[in-house]
Amino acid sequence: MSNATWRARGDKVFIGTYSRFPAAMVRGSGCRLWDADGREYLDFLAGIAVCSLGHCHPRVTEAICRQAGSLLHVSNLFHTQPQIELAELLVANSFADRVFMCNSGAEANEAAIKLARIHSGEGRYEVISLAGSFHGRTLATVAATGQPRFHQGFEPLPRGFVHAEFGDPATIEALITPQTCAILCEPLQGESGVRPLEPDYLRAIRTLCDRHGLLLIFDEVQTGLGRTGTLFAHEQLGVTPDIMTLAKALGNGLPIGAMLTTERIAASLTVGTHASTFGGNPVAAAAAVEVLKIMLADGFMESVREKSALFIEKLRTVADRYPHLATGVRGRGLLLGLILTDRGIEHGPDIVQQMFDEGALINFAGNRVLRFVPPLIVDTAEIDLLIDKLCRVLDRLV
Ligand SMILES: *Cc1c(COP(=O)(O)O)cnc(C)c1O
């Protein structure tokens, strides 16, 4: 069956929440995808920063098949080996001592918000997050998300969320009241345009938390698991949170999320206070264990940083060559954005579409940035190929 046929069938039955590329994907390997018409794509989207080890990594696929052959699901009424191994790996390689497992980024943030509230006690429920942030689509996480366009039509939103302007610690401090329990932020804002928070700014936020007795929650759903060149983005920034959330790349495509915290704070969530039927499902957890083992092996993060440096240099060359369309590059690791000029923004959707026609997948983050989030296993030839295709598209726009 062709792309067109699949698309027509899908259009008849889905609720229209997504604007999809006109392709039905049928197969993936490494940084490549193939659609129902047999067309090949160079994938610099990686399922929205999920397939960090590339599509169908043989070791992850093997771990999934092995686990699926022995046990799919028993619920959290029981212990299972993959879930314990995963929690041990997360704890051994982060600031955290304790892990709660769930199935997505929004759920991990929900758990973090619930923990912050119950830990802080009666009357302290308010979470400060940042303008431009993205924390998920459930009612609480959409309320935490600092972008009004995600709120429209869904009011009244849950109470207890306020948003500070991006970039100035004083605007956060002005929002702190006796009701505040936590500050929630991404170390680098992904969805709203690949905007890094500077180390000084993050340190100032940490200081505010310490001074006012607030919990610092880092949403590393997109930045975590090697995406920025270290296992967690905050490691490079010299700031440690009290709570961290993970999801996207954790299962390399299987749905799994996690909320991590310290021994002292974790003690506030006791039996019956929070739960998830599927959370830490053995198959998803087995995939995540393999993901972590691969990422923690010698040389993996170094290679991400090397490819990042090369990719940044090439994107800078692109910005220099098309100054009427692009002004520069931002981001960290392999979470990079090409910042567009006003004229570039007008062409933005067109650039994404023409890249698709060229067989390359990228997308638009926020309103002024072309986002590049290739699998972390991307090689230099694939980066060169992506840049060639991008230049071909931009040449046509001159
Ligand atoms: C994607 C994302 C989420 C939401 O994750 P879902 O799995 O879609 O619920 C939350 N926070 C950040 C920073 C994200 O990038």
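Strands are DSSP runs of E with at least two residues, helices are DSSP runs of H or I with at least four, and both are numbered from the N terminus; two strands count as paired if DSSP finds at least two bridges between them. Isoleucine 128 has isoleucine 183 in β7 as its bridge partner.

Residue numbers start from 1 along each chain as its sequence is written. Because the model is predicted, local features need pLDDT of at least 70 and side-chain atom pairs count only at pLDDT 80 or more, while totals for chains, interfaces and linings use all residues; side-chain values use heavy atoms, with hydrogens and water left out.

## Packing of α4 with α10

Two packed helices are described by the angle between their axes and by the distance between those axes. For α4 and helix α10 (residues 282-296), the angle is about 35° and the axes are 8 Å apart. The crossing of α4 and α10 is left-handed, a term for a near helix turned anticlockwise from the far one by less than a right angle.

On the α4 side, the contact is made by Pro82, Gln83, Glu85, Leu86, Leu89 and Leu90. Their counterparts in α10 include Ala285, Val289, Leu292 and Lys293. The residues of this contact comprise eleven nonpolar, one polar and two charged; Ala, Val, Leu, Ile, Met, Phe, Trp, Tyr, Cys and Pro count as nonpolar, Asp, Glu, Lys and Arg as charged, and the others, Gly among them, as polar.

## The four-stranded sheet

A further open sheet has four strands in the order β1-β2-β3-β15, with mixed pairing. Its edge strands, β1 (25-29) and β15 (360-361), each pair on one side only. Helix α13 (residues 380-397) packs on this sheet, touching β2, β3 and β15, and its direction makes about 105° with that of β3.

Four bridges pair β1 with β2 in the antiparallel sense, and serine 29 stands opposite arginine 32. Their hairpin has two residues between the strands, and glycine 30 has a positive phi near 55° there. Strands β2 (residues 32-35) and β3 (residues 40-43) are also antiparallel, over three bridges, with leucine 33 partnered by tyrosine 41. Four residues separate β2 and β3 in their hairpin, where glycine 38 has a positive phi of about 85°. By contrast, β3 and β15 run parallel and are joined by two bridges; aspartate 43 has leucine 361 as its bridge partner.

## Surroundings of the ligand

A backbone N or O atom of alanine 106 lies 2.8 Å from an oxygen atom of the ligand. In the side chain of aspartate 219, an N or O atom is 2.7 Å from a ligand nitrogen atom, and one in the side chain of glutamine 222 is 2.8 Å from a ligand oxygen atom.

## Backbone details

Most residues other than glycine have a negative phi, and most peptide bonds are trans. The bond from glutamate 155 to proline 156 is cis, with omega near 0°, and proline 156 is placed in the loop between α6 (139-144) and β6. Alanine 49, in helix α2 (residues 46-49), has a positive phi near 60°.

Note on methods: Contact = heavy atoms within 4.5 Å. Axes fitted to C-alpha atoms, helices over the stretch in contact; angles between N-to-C directions. Polar contact = N/O pair within 3.5 Å; in protein donor to acceptor, adjacent residues only side chain to side chain.
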